[in-house]
Amino acid sequence: MGQWWVCLRQLNWVWGLLAISGCQGTSPHGTSVQVQRVLSGQTVEIVTHQGREQLRLIGIEAPDVRQYPWGRDARQQLAAWVESQPVVLEFDVEPRDRFHRRLVYVWRSGQLVNEQLVAQGYALVVPRSPNTQYDQRLARAQERARILGLGIWNPQQPMRQTPAEFRRQLPSQYK
């Protein structure tokens, strides 16, 4: 059992510290809503008194839904976590993206959903200034998923193109 066992125990200790540090001191303050449907691994829809509104999760980029199987998996996982569920929306500096979707951090049962998608290998971290409130937390989650080979980081079936690279290579009629 020797040296590799000691390394494994040390790695587990480090992951424990990272998990604890990622969970400390953050309680969401925001707007409570119910998600009506999940459009992709990074976009959900709610209904407000003004009608339907699309929300884009801040700090992440999930695989395009046409990137099989990762896009489908990301969408399904996000749906399992939030569809028809009450969530809390937390906002950052910039309120909307170029497609006029509201930019949000989504919390469910005290868990940051943006972070959970990254931590389980369903999405990449893509920091976009000025919305940087949880960038370090998301980066730690991605590093853990990468080291553990989860989801898009699985060495047996890695995602070979970022979502942006995938969309760039599509014919113009599919963009």
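This is a predicted model: local features need pLDDT of at least 70, side-chain atom pairs count only at pLDDT 80 or more; totals for chains, interfaces and linings use all residues.
The protein chain contains five helices and eight strands, and from the N terminus onward its elements follow the order α-β-β-β-β-α-β-β-β-α-β-α-α. Of its 175 residues, 41% count as buried. Among the contacts that join residues at least 6 apart in sequence, 65% link residues at least 24 apart.

Helix H2 spans residues 70–82 and comprises 13 residues, with a distance of 18 Å from its first C-alpha to its last, close to the 18 Å expected at 1.5 Å a residue. Its buried residues are Trp70, Gly71, Ala74, Gln77, Leu78, Ala79, Trp81 and Val82. In an α-helix, residues three or four places apart point the same way, because there are 3.6 residues a turn. The cover over the buried residues of H2 includes strands S1 (31–38), S2 (43–48), S5 (86–90) and S6 (102–108), together with helix H3 (113–119). The side chain of Gln77 makes a polar contact with the side chain of Tyr122, at 3.3 Å.

Strand S6, which contributes to the cover of H2, contains Val104, a residue that is buried at 0% relative accessibility. Leaving aside neighbours within four places in sequence, Val104 is in contact with Leu55, Arg56, Leu57, Ile58, Leu89, Glu90, Phe91 and Asn114. Val104 and Asn131 are separated by 27 residues in sequence, while their C-alpha atoms lie 9.4 Å apart in space. Asn131 itself is found in the loop between S8 and helix H4 (135–148), and with a relative accessibility of 3% it too counts as buried. The side chain of Asn131 reaches the backbone nitrogen of Glu94 at 2.7 Å. When residues up to four places away in sequence are not counted, Asn131 touches Ile58, Asp92, Val93, Glu94, Leu103 and Tyr105; Ile58 is also among the contacts of Val104.

Leu124 is placed in strand S8, residues 124–125, and is buried at 12% relative accessibility. Its contacts, residues up to four places away in sequence being excluded, are Gly59, Ile60, Glu61, Val118, Gln142, Ile152, Trp153, Met159, Thr162 and Pro163. Between Leu124 and Arg146 there are 22 residues of sequence separation and a C-alpha to C-alpha distance of 9.9 Å.

The peptide bond from Tyr68 to Pro69 is cis, with omega near 0 degrees, and Pro69 is located in the loop between S4 and H2. A cis peptide bond also runs from Ser129 to Pro130, with omega near 10 degrees; Pro130 lies in the loop between S8 and H4, the loop that also holds Asn131. Positive phi values are found at Ser84 and His100, neither of which is a glycine. Just after H2, Ser84 takes a phi of about 60 degrees; this residue belongs to the loop between H2 and S5 and is partly exposed, with a relative accessible area of 44%. His100, with a phi of about 70 degrees, lies in the loop between S5 and S6 and is exposed, its relative accessible area being 62%.

The largest pocket of the model has a volume of about 770 Å³. It is lined by 30 residues, of which Gln42, Arg56, Phe99, Arg101 and Arg167 are the closest to its centre. The elements that give two or more residues to this lining are strand S3 (51–57), strand S4 (60–61) and helix H5 (163–168), and the largest share, three residues, comes from S3. By class, the lining is made up of twelve nonpolar, seven polar and eleven charged residues.

Methods. Residues are numbered from 1 along each chain as its sequence is written. Side-chain values use heavy atoms; hydrogens and water are left out. On a 1 Å grid over the protein atoms alone, a cavity is a set of points where a 1.4 Å probe fits but cannot get out, and a pocket is an open set with protein on both sides within 12 Å along at least five of seven lines; lining residues have an atom within 4 Å of a point. Grid points are joined across faces, edges and corners, and a volume is the space filled by probe spheres set on the points. Helices (H or I, at least four residues) and strands (E, at least two) are DSSP runs, numbered from the N terminus. Ala, Val, Leu, Ile, Met, Phe, Trp, Tyr, Cys and Pro count as nonpolar, Asp, Glu, Lys and Arg as charged, and the others, Gly among them, as polar. The expected span of a helix is 1.5 Å times one less than its number of residues. Buried means under 20% relative accessible area, exposed over 50%, partly exposed in between (1.4 Å probe, protein chains only). Contact means heavy atoms within 4.5 Å. A polar contact is a pair of N or O atoms within 3.5 Å; within protein, one must be able to donate a hydrogen and the other to accept it, and residues adjacent in sequence count only if both atoms are side-chain atoms.
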